[in-house]
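Trainee: I'm new to this one and would like a close look at a single part. Could you walk me through the surface near the DNA strand, and then how that part sits in the rest of the chain?

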Amino acid sequence: MPIHNADIAAIFEEIADLLEIESANVFRVRAYRNAARILQELGKDVRAMVEKGEDLTRLPGIGDDLAHKIKEIVETGHCAMLDKLHKQLPPTITELLAIPGLGPKRVSALYHELDIQTMEQLQRAVRDHRIQALPGFGEKTEMRIADALAIHASNTSRFKLAIAAQYAEPLAAWLRTVPGVQQVVVAGSYRRARETVGDIDILITATEHSPVMVRFCGYDEIAEILSHGPTRSSVILKCKLQVDARVVAPESYGAALHYFTGSKAHNIAIRRLGQEKRLKINEYGVFKDQTRIAGETEESVYQAVGLPFIPPELRENRGEIEAARKGCLPKLIELSDLKGDLHTHSKASDGHATLKEMAQAAKQRGFEYLAVTEHSSRLTIARGLDSVQLAKQIDEIDRLNAQLEGITLLKGIEVDILEDGSLDLPDWILGKLDLVIGAVHSHFGLSRARQTERILKAMEHPHFTLLAHPSGRLIAKREPYDIDMMRIIRQAKARGCYLELNATPDRLDLLDTYCQAAKAEGVLICIDSDAHSVLDFDNLRFGIGQARRGWLEKSDVLNTRSLKALRPLLKQTM
DNA sequence: GCCGTTTTCGGCCCGACTGTTTTCAGTCG
């Protein structure tokens with residue numbers, strides 16, 4: 001089995017967990033966790049580095065010892081140190097760390113005092129009330145473990161960004177009405193526009209005696225209050241989403257917002273920079289000795305460490321700090337930069353609105369153009385169009401364009417890429433269109449080689465313009481199909497065609513890291529709603545968030561072009 | 001275990017809340 005970066009990272013995480021349970025030096029533990037993170041976020045395959053004999057110690061956080069272990073794992077698939085740890089502690093014990101409230105010390109106590117090694121054994125011990133008898137544990141701790149076990153058993157999955165928004169935004173709006181409250185911002189991974197969020201972090205600034213925390217804990221959608229203090233509270237909503245709220249004074253707003261936006265890796269890196277300048281950075285401000293020198297705004301925090309403002313979507317410690325230092329941060333795309341949408345559906349296939357309704361809704365958004373791209377006949381479940389039906393729609397669009405003012409409908413199709421890489425409609429009709437979007441909707445399970453060849457062949461087609469939802473994944477529902485995305489990106493470059501960033505909340509496909517790769521290769525990305533109704537244009541903001549996480553600027557995105565500039569770009573593949 | 005304009009030792013990001021304890025360890029973010 002080939003070893004991937006993620007496999008080595010998992011081994012290092014497990015070593016860290018086990019060392020922690022053994023009460024090893026905390027910094028030694030941190031070194032393993034740090035290395036795991038580095039490997040996960042590394043843009044290249046560490047196995048290839050080993051095979052080429054590259055010096056692994058040049059990677060940050062990897063010294064002689066870890067370099068040796070990486071080499072060992074790549075070559076043997078095992079790590080002798082982990083095997084040794086497994087002889088001292090049962091492998092299943094690290095699962096227990098997933099229970100909120102159980103950290104390394106308590107897991108160690110449970111194992112040594114009660115011989116608890118698995119979730120099932122923990123469950124039994126809770127039921128028999130054996131936990132509360134342990135020194136350092138008590139009745140309440142036992143009850144919390146019982147609750148946590150129940151929640152863990154039901155579901156602890158992450159929430160899609162768009163779903164989290166439906167809970168976070170009304171809650172934030174409600175908090176803004178509390179007396180004394182000045183600002184309420186949803187921070188955390190939500191603000192960084194990650195495609196899924198594990199919890200919601202809400203930052204509040206308020207006057208000293210504002211009742212905001214009491215009101216927060218009285219929100220009527222709360223199922224359980226986990227903790228409740230004057231500046232910090234955690235609750236679980238009835239929908240099982242955890243919400244953490246923090247209140248700080250207005251002068252700490254920027255420092256707190258920076259801190260609670262994360263990511264953790266980014267924050268650590270910024271604090272290190274602060275340390276080099278003998279500054280202490282915490283959620284209350286930036287301090288030189290005891291004096292606050294910054295923190296009212298995020299800009300002031302960055303300025304204190306000698307950097308320009310870094311947009312939240314870039315804060316993953318994936319090179320943004322280096323780019324900021326060099327003054328070459330991207331000027332990220334904004335929703336208002338979009339001039340149109342090139343992937344939408346109407347009642348003619350599986351959409352819910354007429355062409356005219358879609359056109360009017362697009363015009364209201366300030367769009368110049370809207371491409372109508374129904375499914376093709378192969379996708380019978382979506383009432384896909386055959387050549388005759390498509391020809392009829394082409395005529396209808398011509399008639400509508402003669403009437404419409406301030407918006408132009410473009411003629412397109414979302415044509416199925418068949419198993420052999422051919423397209424689901426004949427050339428004569430594809431040739432009459434303004435653009436042809438190719439999409440995979442079947443045979444997801446092909447081998448990497450066959451799936452990649454299939455898509456590469458489709459992109460060879462003279463009329464092919466844009467590859468829809470390139471990875472095919474549905475978040476938390478369907479894995480991406482197995483393809484060599486770098487070859488597809490290079491093919492797009494060679495053929496002069498484009499890749500889509502589909503803004504449907506379930507898709508958000510292309511992934512952020514591939515947006516970055518496409519940008520590096522000079523391939524334009526098209527951010528599309530894939531709207532099936534006039535409401536779906538709202539999803540474009542999630543696509544923009546994903547694009548920003550992929551470092552995309554206005555110039556990297558096809559549909560920021562005016563109609564006049566767009567037309568020749570659509571024709572260049574034909 | 002890593003790292004170095006404090007460079008081979010002695011540091012390593014920082015603070016809030018809870019429960020069990022009676023001043024603090026453990027956990028979490």
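Mentor: Start with α2, which gives the surface near DNA strand B its largest share, five residues. Keep in mind as we go that this is a predicted model. Helix α2 spans 26–41, and it's one of several elements that each put at least two residues into that surface. The other helices on that list are α4 (64–76), α6 (104–114), α8 (139–154) and α13 (264–276). Strands join in too: β5 (222–228), β7 (242–248) and β8 (279–282).

Now for the residues themselves. There are 48 of them around DNA strand B, and the ones that come nearest are Arg30, Gly101, Gly138, His228 and Arg271. Sorted by class, the surface holds 18 charged residues, along with 15 polar and 15 nonpolar ones.

What part of the strand do they meet? Of the DNA strand B atoms within 4 Å of the protein, 78% are sugar or phosphate atoms, and bases make up the rest. You can pick out some phosphate contacts made by the protein backbone. At leucine 66, a backbone N or O atom sits 3.1 Å from a phosphate oxygen of DNA strand B. Threonine 231 has a polar backbone atom 3.1 Å from a phosphate oxygen of DNA strand B.

Let's step back to the whole of chain A. It's split into domain 1 (5–154), domain 2 (159–248), domain 3 (252–325) and domain 4 (335–571). Between the C-alpha centres of domain 1 and domain 2 there are 30 Å.

The largest nonpolar core has 59 residues, and Leu409, Ile488, Leu499, Ile527 and Phe537 touch the most other members. Helix α16 (residues 355–364) supplies the largest share of this core, five residues. A separate core of 51 residues lies apart from it, including Leu39, Val107, Ala125 and Ile145. Going back to isoleucine 488, its partners beyond four places in sequence are Ile455, Leu456, Met459, Leu467, Ile483 and Leu499.

One last stop is serine 533, in the loop between β17 (525–528) and α22 (540–549). Is serine 533 buried or exposed? Its relative accessible area is 15%, and the cut-off for buried is under 20%, so serine 533 counts as buried. Beyond its neighbours within four places in sequence, serine 533 is in contact with His352 and Met358.

How values were computed:
Residues are numbered from 1 along each chain as its sequence is written. Chains are lettered from A and ligands numbered from 1 in the order in which they are written. This is a predicted model: local features need pLDDT of at least 70, side-chain atom pairs count only at pLDDT 80 or more; totals for chains, interfaces and linings use all residues. Side-chain values use heavy atoms; hydrogens and water are left out. A residue is near a molecule or strand if one of its heavy atoms lies within 4 Å of it. A polar contact is a pair of N or O atoms within 3.5 Å; within protein, one must be able to donate a hydrogen and the other to accept it, and residues adjacent in sequence count only if both atoms are side-chain atoms. Helices (H or I, at least four residues) and strands (E, at least two) are DSSP runs, numbered from the N terminus. Ala, Val, Leu, Ile, Met, Phe, Trp, Tyr, Cys and Pro count as nonpolar, Asp, Glu, Lys and Arg as charged, and the others, Gly among them, as polar. Buried means under 20% relative accessible area, exposed over 50%, partly exposed in between (1.4 Å probe, protein chains only). Contact means heavy atoms within 4.5 Å. Domain bounds come from an automatic or database domain assignment. A nonpolar core is a set of buried Ala, Val, Leu, Ile, Met, Phe, Trp, Tyr and Cys residues joined through side-chain atoms within 4.5 Å.
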